[in-house]
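Trainee: I have a model open and would like to learn to read it. Where do we start?

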Amino acid sequence: SIPVPVDGNEVVYAGTFVVEGEGRASVTATGRSTRLADIAALTRATRRPPSPLARELRRVVRYIATIALSIGALFFLLSLVLDISVRDAFLFAIGVTVALVPEGLLPTVTLSLAGGAQQMAERNALVRRLESVETLGSVTFICTDKTGTLTENRMAVVEVWTPDGRAQVAGTGYEPVADVTSSGEHARGAVEAVARVGARCSTGHAVERNGSWEAQGDPMEAALDVLARRLAVAVERDGSNELRRFPFDPRRRRMSIVTQDEILVKGAPDTVLPLCIAGTAGASEALGEMTGRGLRVLAVAGRRRGDEIPTEAAQAERELTLLGLVGLEDPPRHDVAESLAACRTAGIKVAMVTGDHPSTAAAIAREVGLSAEEACVFTGADLPEDLGELAEVVDRDGVVLSRVDPEDKLRIAQALHLHGHVVAMTGDGVNDGPALQEADIGVAMGRSGTDVAREASDLVLLDDDFATIVAAIEQGRATFHNIRRFLTYHLTDNVAELTPFVVWALSAGQIPLALTVLQVLALDVGTDTLPAVALGAEQPPPHVLDRPPVSGHLIDRNVLLRVFGRLGPTEAAVSMFAFLAVLVVGGWGFGDDPSAKLLATASGGAFAAVVLGQAANAFACRSSVRPPWSLGWTTNRLVLWGVAAELVLLALLLYVEPVADVMRQAPPSTLGWTLALGAVPALLVGDTLHKRRRRRRLHLDR
């Protein structure tokens with residue numbers, strides 16, 4: 001067939017996918033001059049805000065580094081005062097600094113985020129940036145699309161209005177068979193005319209694959225094709241009678257074709273009805289009634305062509321006769337109401353951002369339980385230019401923003417940031433890239449999204465389902481608490497590691513060092529690593545979405561109280577007691593220099609006490625309010641494997657003689673083992689008493 005000329009004002013942008021048809025075009029811009037390059041430049045210029053985790057980790061690292069270096073310098077000066085050589089004093093200060101730095105923290109954080117990303121992938125949420133796993137737990141505002149996210153994006157024509165009467169269509173999916181009930185003497189013929197023009201103006205269609213009918217192309221246009229099939233209306237599809245086509249334009253929100261004898265138009269009712277000079281009686285009332293029920297409505301119109309062949313859309317789309325209104329239903333996803341309710345319980349505000357008619361968007365919002373207030377419905381034209389004023393408009397739960405352009409999404413994200421929100425923004429188009437980049441969490445659609453949207457996003461929904469966002473937020477909150485869990489675990493060990501150096505300094509060197517620098521390193525990067533990683537894989541508790549979004553510092557008052565007021569001192573006390581008891585029983589006196597063998601045996605007892613205490617601490621850190629036996633000892637099997645590996649490593653470090661000699665330790669005596677084993681009940685009992693008081697203070701019943 002001969003290529004159909006298009007309106008000279010129409011532009012095909014670089015990056016556009018042509019899925020069918022043919023045409024002729026001239027290149028007017030290349031490379032950096034294209035619209036795609038402009039969007040890419042805007043995306044790059046939009047700086048992604050640092051994630052809450054990145055800010056908090058910088059804070060933790062800064063504080064720990066300052067404290068470690070300060071105390072290391074203090075011990076260096078103290079060593080010089082005690083007439084220790086500069087070389088030994090420097091090495092001693094290094095040991096103190098190492099004891100205060102949780103070397104396994106950053107690898108554990110990375111592994112925890114990777115584990116969270118893997119679990120999200122199993123729930124159809126593909127994480128593109130690891131930091132986003134934790135950021136999801138801090139989300140306070142979600143801006144979500146309607147079609148395909150809150151709804152199934154499975155369009156079906158359920159009603160047709162014409163000036164001659166209505167027709168109700170009841171079918172299943174995209175199957176070409178349905179029950180059609182019409183009212184009015186001439187309604188059937190008018191409805192068939194609407195179906196013919198609607199299908200003629202569409203490129204999408206339904207196809208049968210493996211015994212089931214599916215949409216090929218745009219689901220809405222496929223639904224119009226199905227309507228014509230259900231009414232047994234013959235539609236010319238080869239394009240041989242088509243003289244000119246004016247494709248759909250988001251600015252005009254309509255399209256039209258010119259044939260040998262007529263002009264056919266399809267588009268949004270609010271753009272088509274003003275162009276009609278006939279057939280509009282009762283159309284406005286029908287439009288309001290249909291959109292009020294949540295139907296997506298298209299207007300179909302036409303006129304005789306005459307002798308002139310229009311060269312521009314404005315020439316063709318005038319003096320039309322309205323043929324009818326087509327009401328399409330896109331059913332809400334079955335679990336979206338439950339997911340929205342979960343967001344409210346979790347303290348997260350949700351806004352619907354859509355290009356649909358405001359009445360349709362409002363009806364869907366009411367149907368899914370998002371909003372029931374008409375005052376919460378705005379159009380893109382209603383949004384103020386000032387970001388402060390815009391924030392006042394959109395910062396409310398259940399707000400519905402209709403007829404919104406992709407460019408408006410960028411301003412919405414910026415406005416919500418002014419109010420301190422952590423924003424998750426969904427998008428699927430090329431123009432959504434800057435908004436997805438601006439949001440704290442950019443969420444792209446995996447099924448219907450473009451490559452540009454996915455590239456700019458942090459999270460890709462493989463099923464385009466809003467419930468998947470809520471599931472990802474649940475995992476993000478669990479990851480935040482898991483990071484706090486293994487941070488508590490690491491810091492507890494640091495307290496026990498620092499205590500021997502403090503005791504040595506306070507005794508002016510009269511009490512030998514219980515742990516060496518190599519033993520400290522073996523604890524931090526050896527025995528502690530696997531249990532800490534296992535804590536990073538703790539599953540979200542059932543109540544994680546019953547609380548506000550996670551906020552505050554990783555090291556908060558409760559963490560400090562547990563580490564420095566209960567867990568750390570308990571572990572350190574047992575370790576030092578085992579060390580001193582072995583020395584005293586071996587004949588050591590205060591101020592004496594013990595033999596190398598006795599010191600190694602006592603140091604082995606102190607080392608074993610710390611490792612065993614950390615084994616118990618791994619179970620204690622699984623919850624900040626519940627004792628381990630109430631959680632179930634086997635509900636996180638990774639902790640069991642981590643603790644088992646920790647104990648095996650302890651045995652290797654103590655009983656493999658060359659390794660033990662390098663670390664200046666030896667297997668503990670019977671007394672040393674007995675006292676070291678006491679770290680397990682001592683730590684669990686102390687932690688349980690702390691949790692009981694905290695539960696009573698917080699009035700927790702779980």
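Predicted model: local features only at pLDDT ≥ 70, side-chain atom pairs only at ≥ 80, totals over all residues.

Trainee: How many helices and strands does the protein chain have?

Mentor: Helices (H or I, at least four residues) and strands (E, at least two) are DSSP runs, numbered from the N terminus. The protein chain has 26 helices and 19 strands.

Trainee: What percentage of the residues is buried?

Mentor: Buried means under 20% relative accessible area, exposed over 50%, partly exposed in between (1.4 Å probe, protein chains only). Buried residues make up 54% of the 702 residues in the protein chain.

Trainee: And what share of contacts links residues 24 or more positions apart?

Mentor: Contact means heavy atoms within 4.5 Å. Among contacts with a separation of 6 or more, residues 24 or more positions apart account for 72%.

Trainee: How do I read a helix such as α20 (residues 557–585)?

Mentor: Start with its span. The expected value is 1.5 Å times one less than the number of residues. Helix α20 has 29 residues and reaches 40 Å from first C-alpha to last, close to the 42 Å expected. Then look for a bend, the angle between axes fitted to the seven residues ending at a residue and the seven starting there. α20 bends by about 40 degrees at Gly568, and Pro569 follows within four residues. Just after α20, Gly587 takes a positive phi of about 100 degrees.

Trainee: Which elements cover the buried residues of α4?

Mentor: The cover includes α2 (52–81), β1 (125–127), α5 (131–135), α17 and α19 (529–535). Among the buried residues of α4 are Leu105, Val109, Leu113 and Met120.

Trainee: Which residues touch the most other members of the largest nonpolar core?

Mentor: A nonpolar core is a set of buried Ala, Val, Leu, Ile, Met, Phe, Trp, Tyr and Cys residues joined through side-chain atoms within 4.5 Å. In the largest, of 71 residues, Ile142 and Phe466 touch the most other members. Helix α17 (residues 466–506) gives this core its largest share, twelve residues. Another core, of 31 residues, lies apart from it and includes Val197 and Leu227. Beyond its neighbours within four places in sequence, Ile142 has contacts including Cys343, Val350, Phe466 and Ile473.

Trainee: What about positive phi?

Mentor: Most residues other than glycine have a negative phi. Asn210 has a positive phi, near 55 degrees. Asp464 has one of about 55 degrees.

Trainee: Is Asn210 buried or exposed, and why?

Mentor: Asn210 counts as exposed because its relative accessibility is 87%. Its loop runs between β6 (205–209) and β7 (212–216). Asp464 is buried, because its relative accessible area is 6%. Asp464 sits in the loop between β19 (459–461) and α17.

Definitions and conventions. Residues numbered from 1 in each chain as written. Heavy atoms only, no water.
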